[in-house]
Structures are given as C-alpha cells and as structure tokens.
Amino acid sequence: MGSALSAPQPQAGSEVRSRPRWPQLLIGAAVLVGGALLVWTRSDDIADAVDRLSLGRFLVSGVLAVVGTVLIQNIWGALLHGLDAHPGRRDAASVFFVSQLGKYLPGSVWPVVAQMQFGRRWGVPRAVMFAANVLLLGAVTASGIAVGAVLLPWASPRGLSHYWWLVLLLVPLLAGLHPRTVPAVLDMLLRRIGREPLGTRMSPRGLAAAGAWSLASWLVLGAHVAVLVGAFHGVGLREVAASVGGMGLAWAAGIAFIPAPAGAGVRDAVLVLTLTPITGSSQALTVALASRLLLLLADVLLAALGALARRRVGPSVRAS
C-alpha cells in the first residue's frame with residue numbers, strides 16, 4: 001500500500017541554485033499585498049478593539065490566536081501522514097498558511113484547490129490531498145461541535161438552545177471520520193469517472209493524532225477568547241468553559257455554512273450567543289469582533305512568513 005516516492009536529489013546543491021526563484025518571490029509578493037489589503041480594510045476596527053480592550057490584552061490574545069492557528073495546521077499535517085504522505089514539516093506548514101488566505105473569498109474550496117496544486121511538488125496525488133482536506137474539515141467540525149456540546153450546557157443553559165441542530169451533525173461526521181470512510185467514498189467516485197483509486201487508507205494513528213491536535217487547538221483558541229472576555233468580566237472555570245465551547249461551536253458553524261468567507265457572520269453570531277449570558281450582548285459582540293480580527297491577523301502573519309520562508313527544493317515524500 002505504501003510505495004516510496006522521492007524527488008531526485010540535487011548534486012551538491014546545483015539544482016537548488018539553478019532553479020529560478022521568481023515563482024516563489026511572486027507568490028510571496030502576492031501574499032504580502034493581499035494580507036496588507038486585508039489588514040488595511042480593517043484598520044479602523046483594529047484600532048477600536050485595541051482602545052476597548054487595551055493593547056496588552058490584545059497582544060496576549062493575538063499570540064494565542066497565532067498558536068491556535070498553528071495547531072490547526074498540525075491537524076492537517078497529522079492527516080497527511082495518516083494517508084501515507086510525508087512532505088517536509090516546514091514546507092507543509094508554508095503551503096498550508098499561504099493557502100489559508102483563500103478562505104477569505106466566498107466559498108470554502110479555495111484553500112483545498114491550492115493545496116491540491118501544491119501537493120504535486122511532493123509527488124502526492126491530488127485525490128490524496130483532497131481526502132486530507134475533507135478529513136480536516138470533518139475533524140475540525142466534529143471536534144468543535146463535541147467540545148461545544150460538552151462545555152456549553154455546563155457553562156450556560158442557553159449555550160445550545162439556538163444551535164442544538166449542530167449536534168445532530170455529530171453522528172454522520174463521526175461516521176465519516178472512520179479511517180476507511182472518506183478514502184472508500186473517494187475510491188468509488190474515482191472509479192466511476194475512470195480515474196485511479198487512492199490506493200491508501202487513513203491510519204488509526206494519524207486519526208488519533210489529528211484528534212489530539214484538535215483538542216489542543218480548541219483549548220488554546222478558547223484561551224484566546226477568555227483573555228478578551230477578561231476585559232469585561234472576571235474569568236473563572238465557567239467563563240473558560242464558555243470560551244472554549246463557544247469557540248469550538250462557532251468555528252464548526254462557520255465551516256458548516258460554506259458560502260460565508262471564513263465563516264464570516266455565522267461564527268461571530270454563535271460566539272456572541274454563547275458569551276452574552278456571561279458578559280452582556282454588547283461586550284460579547286466586541287469580543288467576537290476582536291477575535292475575528294486577531295485570527296485574521298494571525299492568518300496574514302503566518303501566510304507572510306510561509307511565503308517568505310526559504311524552502312528546500314524537491315522535498316522528499318512518501319505516498320501511496
């Protein structure tokens with residue numbers, strides 16, 4: 001099932017020096033310009049959030065937003081490894097963060113399309129890259145709903161009253177996350193259109209690692225929200241539970257509503273709903289908007305670093 005595919009090794013680095021760098025520079029410039037435009041269009045909102053929350057709190061929450069975003073990339077990396085695809089860690093992170101700016105366009109397909117294209121440089125079939133992304137969306141959605149379902153009723157009786165239907169998605173999502181489900185469905189579809197099947201299955205170890213990274217990401221992103229909540233209300237276990245559960249459920253709802261760019265509006269509404277019993281509606285709205293701004297800044301920062309990072313040419317990869 002696992003055949004070894006490795007890119008040709010350059011002789012004494014000559015291939016690395018001779019290969020033109022302009023495509024990488026062009027991508028880096030595009031990411032920087034696009035990121036700068038995203039930040040510039042929200043500059044007034046950023047200034048207002050800093051004024052209401054204090055610069056120190058804004059920075060601490062921002063650091064947690066960056067760490068949480070990195071943990072989500074680790075989910076994707078674990079799923080790739082579970083599908084027997086092993087790009088270099090730094091190269092994979094660079095591709096993930098650069099492609100994530102595509103989620104700010106309407107629809108949720110642009111990061112998937114970009115990652116499928118980037119997968120060719122690793123010798124990973126596009127179908128395998130697609131499977132990893134489907135599993136990523138499923139893992140983030142299922143874990144987010146599960147965290148919300150466990151924590152929000154304890155933190156607030158109203159936590160799930162308006163979005164109880166999301167819990168109904170848990171059963172099909174968990175079934176879909178079985179190691180054999182997504183690859184088997186893709187194999188069936190590929191055969192119907194006359195293409196080669198994946199020839200691989202998700203390993204239980206890869207799926208378990210993705211689940212562990214998912215839980216870690218919700219804890220960190222929940223802490224990112226709790227720091228913002230602390231500007232208006234004392235933070236104890238109840239507030240932390242509401243922040244972690246609210247962020248998990250809000251993120252899952254944003255993914256479920258595909259047309260919204262990066263879950264815009266949907267994620268914010270769910271987070272406001274879950275935090276309002278604790279902070280009040282206007283303060284909850286401020287926290288939700290500040291969280292979105294900080295996550296946007298985290299995406300832009302990581303994409304810029306990814307685009308500018310010097311990567312080894314022709315990273316080795318083992319794929320089925």
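Predicted model: local features only at pLDDT ≥ 70, side-chain atom pairs only at ≥ 80, totals over all residues.
## Overall fold

The protein chain contains 13 helices and 2 strands. Of its 320 residues, 48% are buried. The chain exposes about 15,100 Å², and 68% of that area comes from carbon and sulfur atoms.

Contacts were also sorted by separation in sequence. Among those between residues at least 6 apart, 78% join residues at least 24 apart.

## Helix α4

Helix α4 covers residues 55–82, which is 28 residues. From its first C-alpha to its last it reaches 41 Å, close to the 40 Å expected at 1.5 Å a residue. Just after α4, aspartate 84 has a positive phi of about 70 degrees.

## Nonpolar core

The largest nonpolar core is made up of 71 residues. Ile75, Trp76, Leu79, Trp122, Trp218, Trp251 and Leu275 have the most contacts inside it. The element that gives the most to this core is helix α7 (residues 126–155), with 13 residues.

With neighbours within four places in sequence left aside, tryptophan 251 is in contact with Ile72, Val140, Trp218, Leu221, Arg267 and Leu295.

## Aspartate 299

Aspartate 299 belongs to helix α13, which spans residues 281–308. Its relative accessible area is 4%, under the 20% limit, so aspartate 299 counts as buried. Apart from neighbours within four places in sequence, aspartate 299 is in contact with Thr69, Leu101, Lys103 and Tyr104.

Terms used. Residues numbered from 1 in each chain as written. Heavy atoms only, no water. Helix = DSSP H or I, 4+ residues; strand = E, 2+ residues; numbered from the N terminus. Expected span 1.5 Å × (residues − 1). Buried < 20%, exposed > 50% of the residue type's maximum accessible area, 1.4 Å probe, protein only. Contact = heavy atoms within 4.5 Å. Areas by Shrake-Rupley, 256 points an atom, 1.4 Å probe, with all protein chains shown as cover. Core = buried A, V, L, I, M, F, W, Y, C linked by side-chain atoms within 4.5 Å.
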